Amino acid sequence: MNVKNAALVASYAASSGMLIKCPYCGAKTISLSDHCVCSWCEALIHKKISETSSGALSQAVSAIGQSYSSKDYNAAVSSCDSAYAASKSAWFLYLKGIILLSASNNETSLISYDKPGFMEENAAHRAAASKLYADSRLSLYKAISEAGKVSADSKALDTTFLQFIASFKLKDKAGAKHYLNELSEMGNTLASSYAKMLLFNLNGLYEESLMHAESLLTKKSFSVGALYYASLALFKLRKIPDAKALVGEAIKYISTPSALALHDDIMSFGKI
Ligand SMILES: [Zn+2]
């Protein structure tokens, strides 16, 4: 993995000025082509789609982003419901699933081990985290099933990618493999390389995941999310100096809780 090169391509992409706004979560992703994977929610997004969103739907989309940033997960989830009602796009069921997952992780982080006498409070956080986790899985499964309610020959790349990424978030390896095969037949290099990078990662095959990440850090085929997955793979392979250098680049462009957590883990490697 040539970290220097990857960092150069990312900074070239950032300076090229192409930003695609996600029509689902509202985040902006640097891109070198007219489509990319959203750096926040990992939806497959296209310049054309992102320009057409308007009215009630665009209000709901901006409310999702605002509520999430202020950690008001209930409000973010209810804005996902409104956006789904207005658009019938299964991407909002998916987005609701990943916001609920974040909310569940947040509850877990509130459990405290250094407050004697607070065990009841901890039990309440654990119960809330489990409930949110179960709701998250339900919404992700619903996204896959709703997206699948189209005939096989009219199935778009976008729909198949949604089914793949939702299966990945569910850690459903067999489901993810199934949709990856469908994606590979569709002949979109960016979508299928991104999916391979994720599935190899899920299967613990970090060398292979890294290889696909590297193929997505070129001017010809670029996805900013590959900075995160390459950092993760380098970390798992214990290539610490490279992982440190790359994760520092990743967080310049990706501000998800997982990217920030990975940055902390890599930077504090070796300390207890
Ligand atoms: Zn997004």
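This note sets out several points on the structure shown above, which is a predicted model.

1. Packing of α5 and α7. Helix α5 spans residues 91–109 and helix α7 spans residues 157–169. Their axes lie 11 Å apart and meet at an angle of about 20°. Because angles under 35 degrees count as roughly parallel, α5 is roughly parallel to α7. The crossing of these two helices is left-handed.

2. Residues at the contact. On the α5 side, the residues that meet α7 are Trp91, Tyr94, Gly97, Ile98 and Leu101. On the α7 side, their partners are Leu162, Ala166 and Lys169. Sorted by class, this contact of α5 with α7 has six nonpolar residues, one polar residue and one charged residue.

3. The nonpolar core. The largest nonpolar core of the model has 87 residues. Cys41, Tyr94, Leu95, Leu227 and Ala230 are the residues with the most contacts inside this core. Helix α5 supplies the largest share of the core, ten residues. As general background, nonpolar side chains tend to be buried together in soluble globular proteins.

4. Leucine 95. This residue is among those with the most contacts inside the largest nonpolar core. When its neighbours within four places in sequence are left aside, leucine 95 is in contact with Tyr24, Cys25, Cys41, Ile64 and Cys80.

5. Glycine 65. Helix α3 contains glycine 65. With 17 other C-beta atoms within 10 Å, glycine 65 is partly exposed. Apart from its neighbours within four places in sequence, glycine 65 is in contact with Cys25, Gly26 and Ala27. Between glycine 65 and leucine 202 there are 27 Å in space, C-alpha to C-alpha, and the two are 137 residues apart in sequence.

6. Lysine 71. The loop between α3 (55–69) and α4 (73–87) holds lysine 71. Its phi is near 60°, which is a positive value in a residue other than glycine. Lysine 71 counts as exposed because it has 11 C-beta neighbours inside 10 Å, where the cut-off for an exposed residue is 12 or fewer.

7. Arginine 238. Arginine 238 is not a glycine, yet its phi is positive, at about 60°. There are 9 C-beta neighbours inside 10 Å of arginine 238, so this residue also counts as exposed.

Technical notes:
Residues are numbered from 1 along each chain as its sequence is written. This is a predicted model: local features need pLDDT of at least 70, side-chain atom pairs count only at pLDDT 80 or more; totals for chains, interfaces and linings use all residues. Axes are lines fitted to C-alpha atoms, for helices over the stretch in contact, and angles run from 0 to 180 degrees between N-to-C directions. Helices (H or I, at least four residues) and strands (E, at least two) are DSSP runs, numbered from the N terminus. Angles under 35 degrees count as roughly parallel, over 145 as roughly antiparallel, 65 to 115 as roughly perpendicular and the rest as oblique. A crossing is left-handed if the near helix is turned anticlockwise from the far one by less than a right angle, and right-handed if clockwise. Two residues are in contact if their C-beta atoms, placed from the backbone, lie within 7 Å. Ala, Val, Leu, Ile, Met, Phe, Trp, Tyr, Cys and Pro count as nonpolar, Asp, Glu, Lys and Arg as charged, and the others, Gly among them, as polar. A nonpolar core is a set of buried Ala, Val, Leu, Ile, Met, Phe, Trp, Tyr and Cys residues joined through C-beta atoms within 7 Å. A residue is buried if 20 or more other C-beta atoms lie within 10 Å of its own, exposed if 12 or fewer, and partly exposed in between; C-beta atoms are placed from the backbone.
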